Amino acid sequence: MLSPAPEEPLLLAELKPGRPHQFDWKSSCETWSVAFSPDGSWFAWSQGHCIVKLIPWPLEEQFIPKGFEAKSRSSKNETKGRGSPKEKTLDCGQIVWGLAFSPWPSPPSRKLWARHHPQVPDVSCLVLATGLNDGQIKIWEVQTGLLLLNLSGHQDVVRDLSFTPSGSLILVSASRDKTLRIWDLNKHGTGVKGLLDNSTNAVFLWSMRSYTLIRKLEGHQSSVVSCDFSPDSALLVTASYDTNVIMWDPYTGERLRSLRHTQVDPAMDDSDVHISSLRSVCFSPEGLYLATVADDRLLRIWALELKTPIAFAPMTNGLCCTFFPHGGVIATGTRDGHVQFWTAPRVLSSLKHLCRKALRSFLTTYQVLALPIPKKMKEFLTYRTF
């Protein structure tokens, strides 16, 4: 299922802000968020100083080292002709903390476009949501770079954003004001619901049907700063300043595994209790690997079945990470406003894993446990074979 000896991640390319910005505040240059569009055709980068860059993917030739072009660019070259997408700069007016692309394709309602595009027919479009320092959320049309909506409601930094995968243009936002908010972009960004979260050390699971609290997951000893569901939604991983990643069964609340970020370089100063504080965690698109970024200047890659990392890459001041949706690449953002692209393990999933992934996409843990199948099969399908 997994390659026996994965190679260490190689740095493929690095993007840096085009020119330094002269601002009085220091905490404005970080790349707090990076994101690929679901179809892999766009990359968004909050490069600091209130600016988001929208970059067509694959990257242009000058950013890609020789020998990698053939692997990364593939048939995308065929689309780079007349009318090919252009890089765009979005000035958000505030420090950008969160980014999220809508599912693709997503049909917007006429209401969403009416104000800005009265002459344009109702066609599918891709949108980008940006969460800002002042609590605002701005919604942009990717192809044109035009601002479509400005959503107000949060009272503090909008730290993270996520669209529901159904394509309905329902957006969930998480803020430091300790609330989640659900927005319907098909109704001019009308706020559907606000959900209160009073704890930073716990994880709250909410129902997107009834907007009620399903379960509270407790286990971290410090603030939870990042989380991600596996592609089949059967697993949830959470990362904390306590240096641990916890893998949960979101249906039962069971803690399946903890991945501790121990010090790798003995030359580092042990007196710094935050040396391995985690910043970001994400699943690979096939669901067999995790990537984490921590304050010990390392990008780690983990195999799902193992308790220790299978590969490391040195990076300075890392803040966020995400996998390319078709695999093979990890993007990371840094405090310096840079973005780095790394090679990621390429794996051919086993038939067993493909079946598990397909079944768990629509069966809960309780439904699997009720099936008339052998115990070992149930353990495999519920990820209890670690």
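In this predicted model, ring pairs join Phe36, Phe43, Trp57, Phe324 and Phe341 into a cluster. A search of the whole structure gives eight aromatic pairs. One of them brings Phe36 and Phe43 together in a tilted arrangement, with 5.0 Å between centres and 55° between the planes. Phe43 also forms a tilted pair with Trp57, at 6.4 Å centre to centre and 50° between the planes. Phe43 lies in strand E3 (residues 42-48) and Trp57 in the loop between strand E4 (51-56) and helix H1 (69-73), so this pair ties together parts that are 14 residues apart in sequence. Phe36 counts as buried because its relative accessible area is 10%, and Phe43 is buried at 0%. Trp57 is buried as well.

Turning to the strands, an open antiparallel sheet is built from four of them in the order E6-E7-E8-E9. Its edges are strand E6 (96-101) and strand E9 (146-151), each of which pairs on one side only. From one strand to the next, the twist averages 25°. Within the sheet, strand E7 (residues 127-132) and strand E8 (residues 137-141) run antiparallel and are joined by five bridges; Thr130 has Lys138 in E8 as its bridge partner.

Residues 128-150 are 0% helix and 65% strand, with end C-alpha atoms 12 Å apart. For residues 151-186, the values are 0% helix and 53% strand, and the end C-alpha atoms lie 13 Å apart.

How values were computed. Residues numbered from 1 in each chain as written. Predicted model: local features only at pLDDT ≥ 70, side-chain atom pairs only at ≥ 80, totals over all residues. Heavy atoms only, no water. Pairing = 2+ DSSP bridges. Helix = DSSP H or I, 4+ residues; strand = E, 2+ residues; numbered from the N terminus. Axes fitted to C-alpha atoms, helices over the stretch in contact; angles between N-to-C directions. Phe/Tyr/Trp six-rings, centres within 6.5 Å; stacked < 30°, edge-to-face > 60°. Buried < 20%, exposed > 50% of the residue type's maximum accessible area, 1.4 Å probe, protein only.
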